[in-house]
Amino acid sequence: MLVLGVTVRIFWRGRALRVRGKCINVSAPSHGSLFVQVRFPAEGSEWVAILGPFNFPPARVGEPMEVVYDPRNLSNSETPEQITDGRLTMAVMVFASVVLVASLATLALG
């Protein structure tokens, strides 16, 4: 049930909108990965999010970039490259569902 719950959350997290934003800062903490601060329009106002980590920044300061976000949860923001198409997640969800149903059937009948 835990695997099923996690995969459902991952699947729904990936279903979001795309919008053009503007990179306003690129930072590199001590461990070497890069993070990008981006401003984009959302829900009638502007939203600022920190995205990453990246090996290479997807945009320089001042450049436009695409942002994928969930309009119900603006903190769920990523770049399109960070979002998967959901096929692997869907396969894991189906497998976990089959295992769950088989386990419940075995408990009920056995």
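Two aromatic rings, taken from Phe, Tyr or Trp, count as a pair if their centres lie within 6.5 Å. The legends below apply this definition and others to a predicted model.

**Figure 1. Overall fold of the predicted model.** The protein has two helices and five strands. Along the sequence, these elements follow the pattern α-β-β-β-β-β-α. The protein has 110 residues, and buried residues make up 27% of them. Its accessible surface comes to about 7600 Å², and carbon and sulfur atoms account for 61% of this area. Among contacts with a separation of 6 or more, 51% are between residues 24 or more positions apart.

**Figure 2. The aromatic pair of phenylalanine 40 and tyrosine 69.** The structure holds one aromatic pair. Its members are phenylalanine 40 and tyrosine 69, whose rings are 5.1 Å apart from centre to centre, with 35 degrees between the planes. The pair is classed as tilted because planes under 30 degrees apart count as stacked and those over 60 as edge-to-face, with the rest called tilted. Phenylalanine 40 belongs to strand S2 (residues 34-42) and tyrosine 69 to strand S4 (residues 64-70), so the pair links distant parts of the chain, 29 residues apart. Are these two residues buried or exposed? Phenylalanine 40 is buried, at 0% relative accessibility. Tyrosine 69 is also buried, with a relative accessible area of 7%.

**Figure 3. The two faces of strand S2 and its pairing with strand S3.** The covered face of S2 consists of Leu34, Val36, Val38, Phe40 and Ala42. The uncovered face consists of Phe35, Gln37, Arg39 and Pro41. S2 runs antiparallel to strand S3 (residues 45-54), and eight bridges join the two strands. Within this pairing, arginine 39 stands opposite valine 48 of S3. The hairpin of S2 and S3 has two residues between the strands, and glutamate 43 takes a positive phi near 55 degrees there.

Figure 4. Side chains of opposite charge can pair when their charged atoms come close. How many salt bridges does the structure hold? The structure holds one salt bridge. In it, the side chains of glutamate 46 and arginine 39 meet at 3.5 Å, taken from N to O. This contact qualifies because the nitrogen has to lie within 4 Å of a carboxyl oxygen. Glutamate 46 counts as exposed, at 56% relative accessibility. Arginine 39 counts as partly exposed, at 35% relative accessibility.

**Figure 5. The hairpin of strands S4 and S5.** Strand S4 and strand S5 (residues 73-78) run antiparallel and are joined by three bridges. A hairpin connects S4 to S5 through two residues.

Figure 6. Met90, Val94 and Val98 form a nonpolar patch on the surface. Together, these three residues have about 250 Å² of accessible area. Methionine 90 is found in helix H2, which spans residues 87-109. How accessible is methionine 90, and what is its relative accessible area? Methionine 90 is partly exposed, with a relative accessible area of 34%. Membership in a patch requires over 30% relative accessible area.

Technical notes
Residues numbered from 1 in each chain as written. Predicted model: local features only at pLDDT ≥ 70, side-chain atom pairs only at ≥ 80, totals over all residues. Heavy atoms only, no water. Patch = residues over 30% accessible without salt bridge, like charges linked within 9 Å, V, L, I, M, F, W, Y side chains within 5 Å. Areas by Shrake-Rupley, 256 points an atom, 1.4 Å probe, with all protein chains shown as cover. Helix = DSSP H or I, 4+ residues; strand = E, 2+ residues; numbered from the N terminus. Buried < 20%, exposed > 50% of the residue type's maximum accessible area, 1.4 Å probe, protein only. Phe/Tyr/Trp six-rings, centres within 6.5 Å; stacked < 30°, edge-to-face > 60°. Pairing = 2+ DSSP bridges. Contact = heavy atoms within 4.5 Å.
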